[in-house]
Amino acid sequence: MERNRREPVRILEELAEETARRGDYEGAARLFRHISVHFGVSGDRFNQRRFAVKAGEYYVQSAERLGDCVKAIALYLKAIESFTECGENEKANLCGLKMWERFTSIRDSEIEINSENINIFRAAGDYFVDNGDFKKANIIYLNAAERALKSGRLILAGRLYRSAGDCDLKSGRLEEAAALYIKAAGLYFSCQEYFEAAWSYCEAGFLLICLGRFKEASSVSDMAEESCNRDRVEFFLKDLIHICKLLSRGLVKEARDKWDKVKIKVRREYAQLIESSFQSAEIRQ
């Protein structure tokens, strides 16, 4: 019975090896990946890891055969997924370095602008975020955003500018983060994505208050409010926008009264930003 269950997997393994001998490394990697998933589902951790390593190695070989192109980045991402799954973290990290080298070689070049290529860049940015390298992620997101904007994919561009802004915020670059949130919000607004626009404008407003740029924060909070008025936006976000507007205009006590009623609902990272906004507004008084 066990032999019968394993025979189809053995046939698939032989097909993968034959595919590799023909020089189709990507095809071989894909087949080894299928085998790895099969063993993962059946609970055979040893063979899952063994075939995941093979898949990763062939994805790397396939990438290294290519010139400087987006496809190579996609293959390194697949290799990273396989190596990470089987605990080969050093190999995964090496793929990350190679992926960055490929990106830097094509970042200023003219490549075909399509959703697939832009999403590959986005996935590469996500990889560096997950590994705490916000500088590299920021560069990749911005490059992808510019390409998306150039191709008229406005919502996608907005999301990428937003992701780049998140990287700046995590790196303590508040001014840069605020500018990117405002840019993203403008794109969302133009596409009638009013909730996303309101949220990005609101967060930019709090950042501008932290920077002591109260007049600009007031204008941005007005844009956030306008976004809310264009569509049905939840009351909780309206409360945050109102707090931002009050702080930008020096009405700290009124803002504090409202904030005390809603802050329990706010994630800690955003609560810290808003508390920093209060500190900046209080210094201004």
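Residues 24 or more positions apart make up 61% of the protein's contacts (heavy atoms within 4.5 Å) that have a separation of 6 or more. Welcome to a predicted model, in which local features need pLDDT of at least 70, side-chain atom pairs count only at pLDDT 80 or more, and totals for chains, interfaces and linings use all residues. Residues are numbered from 1 along each chain as its sequence is written, and side-chain values use heavy atoms, with hydrogens and water left out.

**Overall make-up**
- The C-alpha trace spans about 75 × 45 × 35 Å along its principal axes.

**Helix 9 and helix 10**
- Helix 9 (residues 174–190) and helix 10 (residues 194–210) have axes that come within 8 Å and cross at roughly 155° (axes are lines fitted to C-alpha atoms over the stretch in contact, with angles from 0 to 180 degrees between N-to-C directions).
- The two helices are therefore roughly antiparallel, a label for angles over 145 degrees.
- Residues that meet here include Leu 174, Tyr 181 and Phe 189 in helix 9, and Tyr 194, Ser 200 and Leu 207 in helix 10.

Conventions. Helix = DSSP H or I, 4+ residues; strand = E, 2+ residues; numbered from the N terminus. Parallel < 35°, antiparallel > 145°, perpendicular 65-115°, else oblique.
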